[in-house]
Amino acid sequence: MDAESLLLSLELASGSGQGLSPERRASLLTSLTLVKRDYRYDRVLFWGRILGLVADYYIAQGLSEDQLAPRKTLYSLNCMEWSLLPPATEEMVVQTSVVKGRFMGDPSHEYEHTELQKTSEGDKVFEEEVVVQIKEETRLVSVIDQIDKAVAVIPRGALFKTPFGPIHVNRTFEGLSLSEAKKLSSYFHFREPVELRNKTLLEKADLDPSLDFMDSLEHDIPKGSWSIQAERGNALVVLRSLLWPGLTFFHAPRTKNCGYIYVGTGEKNIDLPFML
Amino acid sequence: MEDLTYPKQEQENQEPGEAGRPWEERAASSQDPKSGLSEPLEPEERPETGPSPRSSPAQSPRSRASTPLDDLTGPGASSSLSPPQEASFSPTLALARQEHSDKTTNVNPKAGTPRSHHLEQSSDKGEWTAPATCQSEGNAFQQSQQTKHHLYGPKDVSDNSSKQKELRFNIFQEEDSNSNYDLDHAGPGVSEAAPSLLEIAIQSAKAYLQKTSSKSGLNLYDHLSDMLTKVLDEHPENAVDIIESISQDVKMAHFRKKLDTLQNENEMLPIYEIAEKQKALFLQGNLEGADQELEDEIAENSLPNVMESAFYFEQAGVGLGTDETYRIFLALKQLTDTHPIQRCRFWGKILGLEMNYIVAEVEFREGEDEEDIEDEDVTEERDDGDSEAEENDEDELPRTFYKTPQAIPKEESRTGANKYVYFVCNEPGGPWVKLPSVTPAQIVTARKIKKFFTGRLETPIVSYPPFPGNESNYLRAQIARISAGTHVSPLGFYQFGEEEGEEEEEVEGRRDSFEENPDFEGIQVIDLVESLSNWVHHVQHILSQGRCNWFNPIQKSEEEEEEEDEEKEEEKGEEPDYMEQEVGPPLLTPISEDLEIQNIPPWTTRLSSNLVPQYAIAVLRSNLWPGAYAFSNGKKFENVYIGWGHKYSPDNYTPPALPPVYQEYPSGAEITEMDDPSVEEEQAFEASREAAALPVEEMEDTEEDEDEEDDED
């Protein structure tokens, strides 16, 4: 959600019970403004928080002019002092995929993971136990990256592709109409398209190249990984990800108000097929 | 218009490599029947256009295009076409041709026929000539313009051409943005996919421009063309500077009085429906007369102060937003006003796929409604009847020894897991629905499954193991589990009741009632944060049996089934006569004794504010049931749950193992049989019988005796 319209967005996203205390809200409003100035971001998003056992991580993201360019991620434990996280790499994702369970809330906490590694000395093959230490900060980076790639959502038309390539916020976006707002096909993944390149020409025929340059949500796997609800008698459409429970996207049809927030444990719901 | 273009594209696609000649032939032949119509037009056109480029056949595409019309020996004429000439075919020439077509439409009342000629010919050229893109654009414009003129009647020619330029500019932009996938097919006109793709893009762009606004009934396409018409008609100085006002003038010119006498019926949007329902919540206070004030006071006593606890939860960062909370508050008021409720509490909110549940926990006054109990008796009776009927059917064959495991009866209302009654609604203002009371079987099964709630109470729960009930029962079971796990209070707030038959319960080693401690003095908030032992459970633990109070299934079953077969009792004898009583933590146990989930502490405590600790409150968060929170400011406390209604586990969900496969009968004396009697044995037997028939010998075995009898039978 946009840092500038944080209070309205929080109110809209509150249906899932995820809020911020007045103290946190006020401090976020203050500190995110400073973040925007110091890091010279074009736009600052309040991304959400990851609940740890000891403390919570508050996450913010800075966007540059091109909305789909790689984002800078910052975290904070007290909503005032923000630290920049390194960009996520493939290695990190592989490395942290072995870690299960909850976050601690201490970025320097180290998870220990024992691995069996085969070492061969001459003809004999030994299995050695190697203890791998994984820092929680690394895990935080990779989880945020995974969530962003999997379930960050933007309504169709909120961004547009300029003729020169970069993707900008669409000033003429006036919100989705009521009928569109209830369809998954009017929402896109807020990331570089992956599926789109694999589509055939025939499938692309109906797409509007200045708007439909991202992947639509409707082809997400597994089918049914989103819950879409019209709350307050259609005055608010709420999308909840079932794959990453805790991610809430809200959009008030016919207004510009939209955004997403993640409040959760930072764990993927791999039981989804059983639960539907 | 599209009807005209699509078949043409298909033709192109079918015959990609075909040269102009056969195509022309076909075009000509297809026009044979219409030639009678189109030929008379020619003389009319020519005088109008005057000494146009058409007169020199080498340059004018128009003349070439018209040849098939003029003389039906077309192939000869079209064979003079050559690619270099076509390459010089510029958009302006296309325009020239365009004008002609416009003329034709103007002149000819039956515009369809000549237009189709032009289309076919132009697309034909576009197919095999180099500047295919220009061609196809011209083509598209041509079509559009024709339709336009068809609609709007005669127009100035110069107007048309400028309009075309304008539009072409649009289309070029369109192409730019298309370029990322169009470049693959960069060879202009070589592959047939490129023009068709482009045409589709152009058509969709044009379709977008022609989309009629629902407000004014205009569309941008017409508006732009009207504007340009006006500019070219009036030739103002510096047209670009006053384009806004021109636009406005054109729009004003379209102003029409609304003449329909039909009245618009207001659409009944859901937003109005829900507002109508919620209006009832806000009106409630006014509707009640002053006479009922006394009753109101009684009712209000049972109403919880939702807003106060919401305020504290907001400090903790939990909550539903101010307006939704207030609506829930009013909905609870509605509930307490309409039911005989002694105590009411906002339990929480369970998220669903389509709708959510708002849950209220209530305790009835003495007159609890009895419909519920009756319903369940009926169902139980039905079950019994079914089983008896099945048993009576088969008398002779051995009946099945398998008996369904002893059904554990549910707890009485007001005790155990059924201590409270729960009401749910989907939206504040919607009707409150009472959930049925929970049975142990439902709890036991609910522990083994993990399903999302849909938001509709009558949804069947499809799961393994089969869940006895629909979503309302599952919801009720989850509520019972969550309440038992996460409802906590500060130590000392509740104490065990004195007057209630304590002795009986102490025999069982547990007490299940408590009351508020009048002498509770409060606990320091810091203590509540620092030590988990200052929080206690005030809801009974649910045993793995599915009940809060132990029920011994064995005693009961023996009493009920005295008339059972001997075999049965033997089987039972093998089982322990007395099942060890299952005991859970007693009531008011500190939560510091809760079990850990794989090194994860089950609770997280926090102070709501680090900056102003003197006014902060203690916040307790359950890690076992994500979404369950409790707060206490030392004197007051409250619990709430907002979430999906699922328990947390660090490992992924695994469906329960299949029940063991029943072993077959061991192969013993009852199962195996002897071999058939052999001939020797029979002969020996015959011999012995003959011998026995003689009066002297009496050597018969008992077995043989029996066999003999059998034989005689």
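A:H251 lies in strand β13 of chain A in this predicted model. The residue is buried, with a relative accessible area of 0%. Its side chain is placed beside backbone atoms of two other residues. A polar atom of the A:H251 side chain lies 3.2 Å from the backbone nitrogen of A:L176, and a polar atom of that side chain also lies 3.0 Å from the backbone oxygen of A:N257. Once neighbours within four places in sequence are set aside, the contacts of A:H251 include A:F173, A:G175, A:L176 and A:Y187. Also among them are A:L236, A:V237, A:N257 and A:C258.

The strand that carries A:H251 can be described next. Strand β13 of chain A spans residues 247-251, and five of its five residues are buried, so the strand is largely enclosed by the rest of the structure. Both faces are covered. On one side are A:L247, A:F249 and A:H251, and on the other are A:T248 and A:F250.

What pairs with β13(A)? Strand β12 of chain A, residues 236-241, runs antiparallel to β13(A) and is joined to it by four bridges. Within this pairing, A:L239 has A:F249 as its bridge partner. β12(A) and β13(A) make up a hairpin with five residues between them. In its turn, A:G246 has a positive phi of about 120 degrees.

β13(A) also pairs with strand β14 of chain A, residues 258-264, again in the antiparallel sense, here over five bridges. A:F249 stands opposite A:Y260 in β14(A). β13(A) and β14(A) form a hairpin with six residues between them. The turn holds A:R254, whose phi is positive at about 65 degrees.

The charged side chains are a separate topic. Side chains of opposite charge can pair when their charged atoms come close. Over all chains, the count of salt bridges comes to 20.

Which side chain forms a salt bridge with A:R49? A:D56 does, with an N to O distance of 3.1 Å. Both A:R49 and A:D56 are buried. A:D56 has a second salt bridge, to the side chain of B:R606, at 3.3 Å from N to O. That pair crosses between chains: B:R606 is in strand β9 of chain B, residues 603-607, while A:D56 is in the loop between β1 (43-50) and β2 (57-63) of chain A. Are the two partners of this pair buried or partly exposed? B:R606 is partly exposed, with a relative accessible area of 22%, whereas A:D56 is buried, at 4%.

Another salt bridge lies within chain B, between B:E234 and B:K230, whose closest N and O atoms are 3.2 Å apart. These residues are four apart in helix α13 of chain B, residues 220-234, so about one helical turn separates them. B:K230 is partly exposed, with a relative accessible area of 23%. Elsewhere, salt bridges that share partners join A:R49, A:D56, B:R606 and B:R621 into one network.

Conventions: Residues are numbered from 1 along each chain as its sequence is written. Chains are lettered from A and ligands numbered from 1 in the order in which they are written. This is a predicted model: local features need pLDDT of at least 70, side-chain atom pairs count only at pLDDT 80 or more; totals for chains, interfaces and linings use all residues. Side-chain values use heavy atoms; hydrogens and water are left out. Buried means under 20% relative accessible area, exposed over 50%, partly exposed in between (1.4 Å probe, protein chains only). Helices (H or I, at least four residues) and strands (E, at least two) are DSSP runs, numbered from the N terminus. Two strands pair if DSSP finds at least two bridges between them. A polar contact is a pair of N or O atoms within 3.5 Å; within protein, one must be able to donate a hydrogen and the other to accept it, and residues adjacent in sequence count only if both atoms are side-chain atoms. Contact means heavy atoms within 4.5 Å. A salt bridge is a side-chain nitrogen of Lys or Arg within 4 Å of a carboxyl oxygen of Asp or Glu.
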